[in-house]
Number of protein chains: 2
Amino acid sequence: GSTKPMKQTQEMPLIKDVMVPVATIKVGFSVYEAAKKIIEDRFNHLPVVDEDKRLVGIVTSWDVSKALALSKDGDLAPIMTRNVITVSPEDPVDLAVRLLEKHNISALPVIDKDRKVLGIVTGEGLSKLISRGLRQ
Amino acid sequence: GSTKPMKQTQEMPLIKDVMVPVATIKVGFSVYEAAKKIIEDRFNHLPVVDEDKRLVGIVTSWDVSKALALSKDGDLAPIMTRNVITVSPEDPVDLAVRLLEKHNISALPVIDKDRKVLGIVTGEGLSKLISRGLRQ
Ligand SMILES: C[S@@+](CC[C@H](N)C(=O)[O-])C[C@H]1O[C@@H](n2cnc3c(N)ncnc32)[C@H](O)[C@@H]1O
């Protein structure tokens, strides 16, 4: 997807205009496997999917640290967050900003109607967008 | 430190107006110890200090994941980032925004002239400030 510049400050971009691709991991893998994937992709958020590629959870490097701190470095399932806050491609960007703030989280997986993962929007990415908008 | 509301959009707040307290860890501790501290404080960035409380590195949950992925879960020193990007209390907030963006990092320790850690500013904290400013 292309990132539209925020020329008209009135025009609110949609999630599909600002989301980026994201790697996923299948449930059943280990915390160690998740850590390797997080490091390889230099990315902090790893959506967890089932056999049908539907979103079932999310794992961040914070959860990996928690697993290490609690010496629970086996299966991914007990340490992943199951209640994932998500957005749809057609949602406006300001909804994502509000959700990130309200739930005090740093990224939102973008899913379709079948809960298939299409991408991700991060607080980092959104603040870049906002600061670019402010500078114009 | 108190957080000044951004009433006049012209007036650029300083780092000291927006920084928050941060826990630190002494160099010599283990990755496991760092993971526990990161989880207890529900904070992602842990400045690493020497005996004189001077900043010598930074560890995030990302580095902990890296330690796990590389099976290097002993001493903290080999996995911490030594070249820490920092700000001073008197720096303007927009410098922090630019540094976070330029170096693709999510927080900046605030240090004094002796490299003693005074607090931290995070991308998350700054975007909240910016979005509050936009809404007024
Ligand atoms: C390049 S970022 C990638 C992940 C994510 N974007 C983030 O900021 O955590 C992760 C690395 O940045 C390092 N880091 C975090 N804050 C830093 C700072 N203020 N100065 C230098 N390195 C920093 C961490 O130690 C970690 O190795």
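In helix H3 of chain B, the residues B:Ser61, B:Trp62, B:Asp63, B:Val64, B:Ser65, B:Ala67, B:Leu68 and B:Ala69 are buried, where buried means under 20% relative accessible area, exposed over 50% and partly exposed in between, with a 1.4 Å probe and protein chains only. Helices (H or I, at least four residues) and strands (E, at least two) are DSSP runs, numbered from the N terminus. Because 8 of the 9 residues of H3(B) are buried, this helix is largely enclosed by the rest of the structure. The cover over these buried residues includes H2 and H3 (61–69) of chain A, together with helix H2 (31–40) and strand S3 (55–60) of chain B. Just after H3(B), B:Ser71 adopts a positive phi of about 50°.

The model is predicted: local features need pLDDT of at least 70, side-chain atom pairs count only at pLDDT 80 or more, and totals for chains, interfaces and linings use all residues. Residues are numbered from 1 along each chain as its sequence is written, chains are lettered from A and ligands numbered from 1 in the order in which they are written, and side-chain values use heavy atoms, with hydrogens and water left out.

The two chains can now be compared. Chain B can be laid on chain A with an RMSD of 0.1 Å by a turn of 179° and a shift of 0.1 Å along the axis, the superposition being by least squares on the C-alpha atoms of residues with pLDDT of at least 70 in both copies. This is the relation of a two-fold axis. Of the residues of chain B, B:Ser61 comes closest to the rotation axis, with its C-alpha at 2.6 Å. The copies meet through the same surface, because 100% of the interface residues of chain B are also interface residues in chain A.

The two H3 helices pack against each other. Their axes, which are lines fitted to C-alpha atoms over the stretch in contact, with angles from 0 to 180 degrees between N-to-C directions, come within 8 Å and cross at roughly 60°. H3(A) is therefore oblique to H3(B); angles under 35 degrees count as roughly parallel, over 145 as roughly antiparallel, 65 to 115 as roughly perpendicular and the rest as oblique. Contact (heavy atoms within 4.5 Å) is made by A:Ser61, A:Trp62, A:Val64, A:Ser65 and A:Leu68 of H3(A) and by B:Ser61, B:Trp62, B:Val64, B:Ser65 and B:Leu68 of H3(B).

H3(B) also packs against helix H2 of chain A (residues 31–40), at an angle of about 120° and with the axes 8 Å apart. This arrangement makes H2(A) oblique to H3(B). From H2(A), the contact residues are A:Val31, A:Tyr32, A:Ala35, A:Lys36, A:Ile38 and A:Ile39, and they meet B:Trp62, B:Ser65, B:Lys66, B:Leu68 and B:Ala69 of H3(B).

Two strand residues complete the picture. A:Thr60 lies in strand S3 of chain A (residues 55–60) and, at 14% relative accessibility, counts as buried. Leaving aside neighbours within four places in sequence, A:Thr60 is in contact with A:Ile38, A:Asn44 and A:His45. In chain B, B:Val110 belongs to strand S4 (residues 107–111) and is buried, with a relative accessible area of 0%. Not counting residues up to four places away in sequence, B:Val110 touches several residues, among them B:Ile15, B:Met19, B:Val87, B:Leu118 and B:Ile120.
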